[in-house]
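Here is a short report on one protein model with a ligand.

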Amino acid sequence: MIYFDYHATTPVDPVVLDAMLPYFTEKFGNAASRQYRYGWDAKEAVEQARESVAALIGAESKEIVFTSGATEANNLALKGLADAYRARGNHFVTVTTEHKSVLDSCKTIERQGGEVTLLPVEPDGQLDLDRLRQAVTPHTVAVSVMAANNEIGTLAPLAAIAALAHEKGALLHTDAVQAAGKVPFDVNASGVDVASLTAHKLYGPKGVGALYVRRRNPRVTVSPLIDGGGHERGMRSGTLNVPAIVGFGAAAKLARTQMDEEAARLLTLRTRLLDGLRRQVEGLIVNGTLAARLPGNLNVSFPGIDGEALLVSLCEDIAVSSGAACTAAEPSHVLKALGRKTDLALASLRFGLGRWTTDADVDEACARVGEVVHRLRAMSPA
Ligand SMILES: *Cc1c(COP(=O)(O)O)cnc(C)c1O
């Protein structure tokens, strides 16, 4: 079974696991216990991890708030800003191709009396910046645009988007889950004010993430979703998951040192995959622009075949999906946003390439997909 779903999750790197293990057993302290060594050691490990996560995105460690993952970070960003900036307004701007945790947080904001402008994308997955400029008003609290899309890999021009938002006094939040550690992402170079991250998309453990909250130019605050002991500078109470946070730090450090080389390797593999699939399958459609895209992402549609049959035929040999893991079986809302009809959206595959993908894996996938598509097309009256 070959794994091609690195956008859904990644295995924990062995180096990361080694770093985590002592914090389950002998170093088990509560990072908030201040009276003795167990607590100090846990606290020190958390602060080191905070520095590594901050360094990955060009932030300061005090700007990192640990959460249970990016779903929570996106909720905290949007609902937390909505509450903290009520005096400014209640308007948010986001995009149809965002992750469900952003879209559904925006729905909650709307239900609670806020106003959300949901922008469409161009057929290649990119945002029309003129449309964005028109959507932002002096009462817009924040614009939320993801750094890299989790289905079609499209990279957003964040610096330009930040400039448009800031011109009207709005903040920029970005879901940077798929970009962080994969392509250069720096909160200052891109002018981002708030950013969501998660460890399990960059070879760390599941169940830990972070929200970057800018502290200078301007100083940003978010109201907490979870009240309690005032951990994480009051923005996220609850005893810290020390082993997971240590793993997140180790994963961030690894990603930072390997990123340039790994991105080049993945781009070569992605090109090999696309060339191979094009040789095998007539009429292949690439979803999303190839010009500004995560190197490890390919998303393709296969006209004239049944999507369900495609996935069922492949699932014994290759782990690949037709969209985000959370909404399997429904046509992807991202592909629909590109204008794909339901049948074609279902007859699509998202390939996520990662740290352990090889040339041989790619060649095998091309052969398997080619075989299945030919068989299904031969069976189909269309
Ligand atoms: C996976 C993912 C999330 C959710 O992260 P969790 O830590 O699994 O909650 C949010 N946004 C994007 C773009 C993702 O790919």
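## Ligand shell

The shell around the ligand holds three nonpolar, eight polar and two charged residues. Here Ala, Val, Leu, Ile, Met, Phe, Trp, Tyr, Cys and Pro count as nonpolar, Asp, Glu, Lys and Arg as charged, and the others, Gly among them, as polar. The model is predicted: local features need pLDDT of at least 70, side-chain atom pairs count only at pLDDT 80 or more, and totals for chains, interfaces and linings use all residues. Residues are numbered from 1 along each chain as its sequence is written, and side-chain values use heavy atoms, with hydrogens and water left out.

There are 13 residues around the ligand. A residue is near a molecule or strand if one of its heavy atoms lies within 4 Å of it. Thr71, Asp175, Gln178, Thr198 and Lys201 come nearest. Which helix gives the most to the shell? Helix H3 (residues 70-84) does, with three residues. Helices (H or I, at least four residues) and strands (E, at least two) are DSSP runs, numbered from the N terminus.

## Polar contacts and cover

Gln178 places a polar side-chain atom 2.7 Å from an oxygen atom of the ligand. For His200, also through a polar side-chain atom, the distance to a ligand oxygen atom is 2.8 Å. Ala70 uses its backbone: a polar atom there is 2.9 Å from an oxygen atom of the ligand.

On its own the ligand has 390 Å² of accessible area, and the protein covers 87% of that. Accessible areas come from the Shrake-Rupley method with a 1.4 Å probe; for residues, only the protein chains shown count as cover.

## Aromatic pairs

Rings of Phe, Tyr and Trp (its six-membered ring) pair if their centres lie within 6.5 Å; planes under 30 degrees apart count as stacked, over 60 as edge-to-face and the rest as tilted. The count comes to seven aromatic pairs. One of them is Phe4 with Phe351, edge-to-face at 5.5 Å centre to centre and 85 degrees between the planes. This pair links distant parts of the chain, 347 residues apart. Phe4 is in the loop between strand S1 (2-3) and helix H1 (14-20), and Phe351 is in strand S12 (residues 348-352). Phe4 is buried (under 20% relative accessible area; exposed is over 50%, partly exposed in between; 1.4 Å probe, protein chains only), because its relative accessible area is 0%. Phe351 is buried too, also at 0%.

Tyr36 and Tyr38 also pair edge-to-face, with 6.2 Å centre to centre and 75 degrees between the planes. Tyr36 is partly exposed at 39%, and Tyr38 is partly exposed at 44%. Elsewhere, ring pairs link Tyr3, Tyr6, Tyr203 and Trp356 into a cluster.

Tyr203 has a positive phi of about 70 degrees, although it is not a glycine. Tyr203 sits in the loop between strand S7 (194-198) and S8. Is Tyr203 buried or exposed? Tyr203 is buried, with a relative accessible area of 5%.

Asn217 also has a positive phi, near 55 degrees, in a residue other than glycine. Asn217 counts as exposed, at 72% relative accessibility. A cis peptide bond joins Asn217 to Pro218, with omega about -10 degrees. Pro218 lies in the loop between strand S8 (209-213) and helix H7 (242-280), and Asn217 is also in the loop between S8 and H7.

Conventions
Polar contact = N/O pair within 3.5 Å; in protein donor to acceptor, adjacent residues only side chain to side chain.
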